[in-house]
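Here is a short report for a reader new to this protein. Have a look at the model before reading on.

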Amino acid sequence: MVDVSVTGLTKRFGAVTAVRDAGFTVAPGVTGFLGPNGAGKTTTLRMLLGLVRPTAGAALIDGRPYARLSEPRRVVGALLEATGFHPGRTARDHLAITARLAGLPAYRVGQVLDEVGLAGDARRRVGGFSLGMRQRLGLAGALLGDPPVLILDEPGNGLDPAGMAWLRGLLRDLAAQGRTVIVSSHVLSEVAQTVDRVIVMHEGTVRFAGTLDELAEPGPAGLEAAFLRLTSGLQPERSRS
């Protein structure tokens, strides 16, 4: 089992403190990473992935910062935004180049294309893809190394209702395999149907970290009420390991 932990994590950009003394651990299963815009979620995920240097504290995966993982693509798969694809390349070529650069086996390309439902579009140029298809391609890239940890920032962007149902099933399948999945999302109705645990951030601080059952009454309405209470500025910070 690969541990994900954040301890005393702080990030300041000049006079602005984006994340303040954040702390939580993430267990296998699906963890929803929630918070309003500007709460510090994306900055926290970027620190976990070594894209932003913390001002203080530690963000560790398997007990080490991301930069010290010997084969990071085999440990962590990430989707932060569905951009950065060369529009003239096919989906298969994009993934083949990614796999080659990461030292991953070529056979994984076909496997992940099938897993995300793009096998029939493998030879189409990415420039003709819809946003939902680019999201699926980004997910395929995150899965290339068959990693035990997945960090996904708004993976449902651009997906239609059928696509959202597919994504929900994929995340639950990954959790059933014993993987640790962190999903940032604003779609609380989907979160309520998908996650095991929840982390809520507001104004750069962790307001809650624990199981979904501990946070809210069953159903989307219960999660929404708890989310609004925690992000109103009136709820003191609390965390449960």
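## Overall build

This is a predicted model. The protein holds 9 helices and 9 strands. Its radius of gyration is 18 Å, close to the 18 Å that the globule rule gives for 241 residues, so the protein is as compact as a globular protein of that length.

Along the principal axes, the C-alpha atoms fill a box of roughly 50 × 40 × 35 Å.

## Inside and contacts

Of the 241 residues, 50% are buried.

## Surface and charge

The accessible surface comes to about 11000 Å². Carbon and sulfur atoms account for 50% of that surface.

The protein carries 27 positive and 22 negative charges.

## A covered helix

Helix 5 spans residues 131–143. From its first C-alpha to its last, helix 5 reaches 19 Å, close to the 18 Å expected at 1.5 Å a residue.

Helix 5 is mostly covered, with 11 of its 13 residues buried. Among the buried ones are Met133, Gln135, Arg136, Leu137 and Leu139. Gly132, Gly138 and Gly141 are also buried. What covers these residues? The cover includes helices and strands. Among the helices are helix 2 (72–75), helix 3 (91–102), helix 4 (107–115) and helix 6 (161–176). Strand 5 (76–79) and strand 6 (149–153) also contribute.

How values were computed
Residues are numbered from 1 along each chain as its sequence is written. This is a predicted model: local features need pLDDT of at least 70, side-chain atom pairs count only at pLDDT 80 or more; totals for chains, interfaces and linings use all residues. Side-chain values use heavy atoms; hydrogens and water are left out. Helices (H or I, at least four residues) and strands (E, at least two) are DSSP runs, numbered from the N terminus. The radius of gyration is taken over C-alpha atoms; the globule rule is 2.2 Å times the number of residues to the power 0.38. Buried means under 20% relative accessible area, exposed over 50%, partly exposed in between (1.4 Å probe, protein chains only). Accessible areas come from the Shrake-Rupley method with a 1.4 Å probe; for residues, only the protein chains shown count as cover. Lys and Arg count as positive and Asp and Glu as negative; His and the chain ends are not counted. The place of a charge is taken as NZ of Lys, CZ of Arg, CG of Asp or CD of Glu. The expected span of a helix is 1.5 Å times one less than its number of residues. Contact means heavy atoms within 4.5 Å.
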